[in-house]
Amino acid sequence: MRCLIWLILLPCLLASCSPAETAKQESITIPEGKLQDPAAIESGRLLFRRYCALCHGLSADGKGVRREGLSADPRNFHDPVWQEKTSPSEIFHTITDGLSQSSMPSFRALTEDERWNLVAYIESLGRAR
Ligand code: HEC
């Protein structure tokens, strides 16, 4: 009988996620061809200069003029070690949700397409080596 209860309960438990988790899963599919699209990368570069450069640096090297006093030093996005271990969906989630307990804000106000363009730009820095 106990087993039966678990058989019924377990899928429910697995399916129930916090609202944050649900938000994280909503856009897991990378739009087709986005990461290689030169227009997306260029659009991402311009968005980056407008919204991210203050902290992350104009060339995404982590040397933004406002970097002093942030929760952590913004990363150099050209760093091959970081590029190796991150993923497009992880970058997308960070941009969408921000990082809690840190100076990295949420950019949910940008359209999903704009956020993917930013991912395309950041990813392209790893290939430019
Ligand atoms: C107010 C300053 C600020 C702005 C503006 C900002 N960031 Fe950040 N970001 C940070 C900081 C600080 C961290 C490191 C957070 C930590 O680890 O505590 C971070 C972390 C990140 C990370 C995770 C990197 C890692 O170490 O894994 C990504 C990706 C990122 N930012 C992308 C962006 C993008 C794209 C934009 C623009 C749309 C942006 N950020 C705008 C401050 C900022």
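Visitor: Which helices each supply at least two residues of the shell around the ligand?
Guide: In this predicted model, the helices that each supply at least two residues of that shell are α4, covering 53-56, and α6, covering 88-97.

Visitor: And how many residues surround the ligand, and which are the closest?
Guide: The ligand is surrounded by 21 residues, and the closest are Cys52, Cys55, Ala72, Ser102 and Met104.

Visitor: How do the shell residues divide into nonpolar, polar and charged?
Guide: The shell around the ligand divides into 14 nonpolar residues, six polar ones and one that is charged.

Visitor: Back to α6, then: which of its residues are buried?
Guide: The buried residues of α6 are Phe92, His93 and Ile95, and, seen down the helix axis, they fall within an arc of 165°, so they line one face of α6.

Visitor: What follows α6?
Guide: Gly98 follows α6, and its phi is positive, near 70°.

Visitor: What about the loop between α5 and α6, where Ser87 is found: is Ser87 buried or exposed?
Guide: Ser87, in the loop between α5 (80-85) and α6, counts as exposed because it has 12 C-beta neighbours inside 10 Å, and the cut-off for exposed is 12 or fewer.

Visitor: How far apart are Ser87 and Val119 in sequence and in space?
Guide: Ser87 and Val119 lie 32 residues apart in sequence, while their C-alpha atoms are 9.3 Å apart in space.

Visitor: Changing topic, how many helices and strands does the protein have?
Guide: The protein has seven helices and zero strands, and buried residues make up 20% of its 129 residues.

How values were computed:
Residues numbered from 1 in each chain as written. Predicted model: local features only at pLDDT ≥ 70, side-chain atom pairs only at ≥ 80, totals over all residues. Near = placed C-beta within 6 Å. Helix = DSSP H or I, 4+ residues; strand = E, 2+ residues; numbered from the N terminus. Nonpolar A, V, L, I, M, F, W, Y, C, P; charged D, E, K, R; others polar. Arc of directions from axis to C-beta.
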